[in-house]
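Please look over the sequence and the structure below before reading on. The paragraphs that follow lead from local features of the backbone to the sheets and then to the whole.

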Amino acid sequence: MKAVIMAGGEGSRLRPLTCDKPKPMVPVMNRPLMEYSVELLRRHGFRDIAVTLQYLPDQIKDHFGGGGRFDVNLRYYVEEEPLGTAGSVKNAAAFLDETFAVVSGDALTDLDLTEALAFHRARGALATLVLKAVENPLEYGVVMIDPDGKINRFLEKPGWGEVFSDTVNTGIYILEPEVLALVEPGKMVDFSKDIFPRLLAQGDPLFGCVLQGFWCDIGDLKEYSRAHCQVLEDRVAVRLNGREYEKGIWLEEGVSIHPRAQLQAPLYLGAGCSVGAGARLSDGAVLGSYTRVEERASVKRGLTWEGAYIGKGAALRGGILCSGVQLNARAAAYEEAVVGDGSVIEEGAVIKPGVKVWPAKVVESGVILHESLIWGGKVSRAIFGRDGIRGEINRNITPEMAVRLGAVFGSVLQGAVLVGGDSSKSSLMLREALIAGLLSTGAYVLDGGELLIPMARRAVSYLKAKGGVHVSLSPGEKASARICFFESDGLPLPRSLERKIEQLYTREDFHRPPGDAIGEVLRLPNLAELYQRELLQSVSPAKMARGGLRIVLGDPSPYLRRFLVPLLQQLHCTVITLNSGGEPPADPFDDTRTLQRRQKEVALAVRNNNASLGVIIEPGGERALLVDERGRAVQGDLYTALLSLLVFRERRGGTVAVPVNVSGVVEKLAERYQGRVLRTKASPRNLMETGRQEEQRAGAAAAAVLSFDSIAALVSLLDLLVSQDITLGGLLEEIPAIRVREREIPCPWTLKGRIMRRLIQDSVHKRTEMIDGLKVYHPQGWTLIMPDPEKPSYHVYSEGFSEEISDSLTEFYVQKIDTLKRE
């Protein structure tokens, strides 16, 4: 039988392991990774094998030759340019004249291909995808199937709100030759992104076969290290070159161990290794062939490749030493540190956790290396959160990190970038660091100085910049920062671009032009005036003068006071400002008690001054809390409903976009005004993008856009109050009672996908929506179950015809999730 091994991978996320070596040749348990794929195919009767190559192909050809050493026949097909998974296999189309298997040369697995082939033939499939249930499906393509295995939906690398199953695409396929007819020769074509969705759309027999067994996609350094541990734990059925000397200790030929050396299972020592007196090996250490471990040296959880040297008293703790690396006397390399081929770590030097040293470098004696030798240190793979990057200043977010982020953003955008932020010392420090990183890539920096977040968004669009960055103190946390990134249209970055930035950041792969091509900075101190002018153009000052509105501002930040008071005065409003005195007020929106206290103060001031309304605005300018003339607070779902009502009153028959978790009263308002409601995912990006599209279509402000621009929302509200001669309290009377309940329930990351799959299965006979999470409709209301994207928890929202029903629905699903967790 015939098969294809896709072995063209560059393995960029494994750098520096793959700087000089193709990913399939990276050793696992002292053998090139692709050897396991060849043996798997041979074990299941696939002996005629095509190998697709692209990156450093000669290394693979030289090692495997014609395949005789492995009792198979190998043919090689080299791509001059990357063609994608399907495009690379298309190169071998003339060879593939019967049912064939496709496997990856850089995954470790013992899945039963014979069972997959029988499944494929029994169902008369055109294509069968081998699937595997995993604990965390976020980094893979999720595949949903019916009970017979027929595929009904694909989700490529979903967010938690889209995780409707825990079965993922392993990249192993059983295919009929006819599938390749869909692949255009010489073009970049991918099976999972292009061919399989096309087969699904055409209704062709496309199936998924869920197999038990071991499968590991060695996609990054953590998975690479973990694969060795899993082999030593006997979790995968593969052949090793060594023999088990004693329980859990494997040795290849020619190993020399001093009698006073200490070995603690599990361990693996390659051919010709030597271990000196007093040396200690333990906790899953794996040594490549001819590694020398001198006396009193220690290797714990560490990995070495061929010819590595660990000097007297040196320590390898969970790090990786590539071929020929010298870790000299008393030097140390710690967790997730990687030292590339031929590098020398001199006496007493320390490589701190997560630091990468590229090949052929020297770390001088006594140096403590906190950052990677080329561009900087290592950060978490997932840098971005729900609304940008947040972290404690000078710990999680440092100036060095900001420089690297600027360099990555500049490398990605390659054009003009707006930079702004608040006036805090910390924000200014990080802004300057970001600017330095941007300039280093040749980017043109537009320095907007002090700006609110909505101002920065608008300015990116005004200036036709490629993107923008805003730095501010994180709401409610003076010691933490928030960094927001924007696309050219001023919207937050899509998740795909965030992933790209994270990958480039982790790989430390930046554009570095010559010194005479460094970028320039243009200072633009008057961008707030452009934003103000746009707001004033949206209303009639003469009409506003007739309104005689009185506004209470609840303890605004110094910048908000300087900007907002003159703006409201130009709208002929009387402004009463509450001042707390002392330090600038912290943002109250993340502190319920502070917000409630401020709201009471504003409500009292509204009544005492016979004001039209009061408003509290967060320092960044995105969120607001309103207080009507009677002292009633407007926030959360009620605030969203109010903004929707503004749109419907301005444009009968209009459309509003609101998140999927917001109360259903918005639909009731839409029905009253012959309007339409678009439900979106809860992320700011999705909501703003939908709102911006509606704004462009209608030629007027959209509720979704106003939700993230509290000043524009306030101006629109004041204009409507005057033009329609109504009070804020009068508008609130139009909005039906809101009865949404919310609960957060802890749930381990490893169970999230499985629990969501069970919830979907249990709701098969109910009306459901899967826009973001799972929304289940009941006769007396609805419940939405949403996995938190940043924490190990679920959020449960319910709304019923009464508060009792809302509480009951919420409690029912909280208990259901608890039960599924225990199962």
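Pro-16 lies in the loop between strand 1 (2–6) and strand 2 (27–28); helices (H or I, at least four residues) and strands (E, at least two) are DSSP runs, numbered from the N terminus. The peptide bond that leads from Arg-15 to Pro-16 is cis, with omega near 10°. The model is a predicted one, in which local features need pLDDT of at least 70 and side-chain atom pairs count only at pLDDT 80 or more, while totals for chains, interfaces and linings use all residues. Residues are numbered from 1 along each chain as its sequence is written, and side-chain values use heavy atoms, with hydrogens and water left out.

Another cis peptide bond joins Ala-265 and Pro-266, with omega of about 0°. Pro-266 is placed in the loop between strand 17 and strand 18 (267–269). Most peptide bonds are trans, and most residues other than glycine have a negative phi.

Which residue in the loop between strand 22 (292–293) and strand 23 (298–300) deserves a look? In that loop stands Arg-296, whose phi is near 65°, a positive value in a residue other than glycine. Arg-296 has 48% relative accessibility and therefore counts as partly exposed; buried means under 20% relative accessible area, exposed over 50%, and partly exposed in between (1.4 Å probe, protein chains only). Ala-360, in the loop between strand 33 (356–357) and strand 34 (362–363), also is not a glycine and has a positive phi, of about 60°. Ala-360 is exposed, because its relative accessible area is 60%.

Seven strands make up an open sheet with parallel pairing, in the order 17-20-23-26-29-32-35; two strands pair if DSSP finds at least two bridges between them. At the edges of this sheet are strand 17 (262–263) and strand 35 (368–369), each of which pairs on one side only. Within the sheet, strand 26 (residues 315–317) and strand 29 (residues 332–333) run parallel and are joined by two bridges. Ala-315 has Ala-332 in strand 29 as its bridge partner.

Strand 14 (residues 243–246) and strand 15 (residues 249–251) run antiparallel, with three bridges joining them. Glu-246 has Ile-249 of strand 15 as its bridge partner. The hairpin of these two strands has two residues between the strands, and Gly-248 there takes a positive phi near 85°.

A further open sheet consists of five strands in the order 49-53-52-51-50, with antiparallel pairing. Its edges are strand 49 (740–746) and strand 50 (768–769); each has a single partner strand, so one side of each is left without a neighbour in the sheet. Inside this sheet, five bridges join strand 51 (residues 774–778) to strand 52 (residues 781–787), and the two run antiparallel. Lys-775 stands opposite Leu-784 in strand 52.

Is Ser-88, which has 3% relative accessibility, buried or exposed? Ser-88 counts as buried, because of that 3% value. Its place is in helix 3 (residues 84–90). Not counting residues up to four places away in sequence, Ser-88 touches Met-6, Thr-52, Glu-79 and Leu-83; contact means heavy atoms within 4.5 Å. Glu-502 in helix 10 (residues 495–507) is buried too, with a relative accessible area of 5%. The C-alpha atoms of Glu-502 and Glu-804, 302 residues apart along the chain, are separated by 45 Å.

Glu-803 belongs to helix 22 (residues 803–822) and is partly exposed, with a relative accessible area of 42%. Leaving aside neighbours within four places in sequence, Glu-803 is in contact with Arg-739 and Arg-741. Between the C-alpha atoms of Glu-803 and Asp-725, 78 residues apart along the chain, the separation is 33 Å.

As a whole, the protein has 22 helices and 53 strands. Its radius of gyration, taken over C-alpha atoms, is 31 Å, close to the 28 Å that the globule rule gives for 823 residues, so the protein is as compact as a globular protein of that length. The globule rule is 2.2 Å times the number of residues to the power 0.38. Along its principal axes the C-alpha trace spans about 95 × 65 × 50 Å. Of the 823 residues, 57% count as buried.
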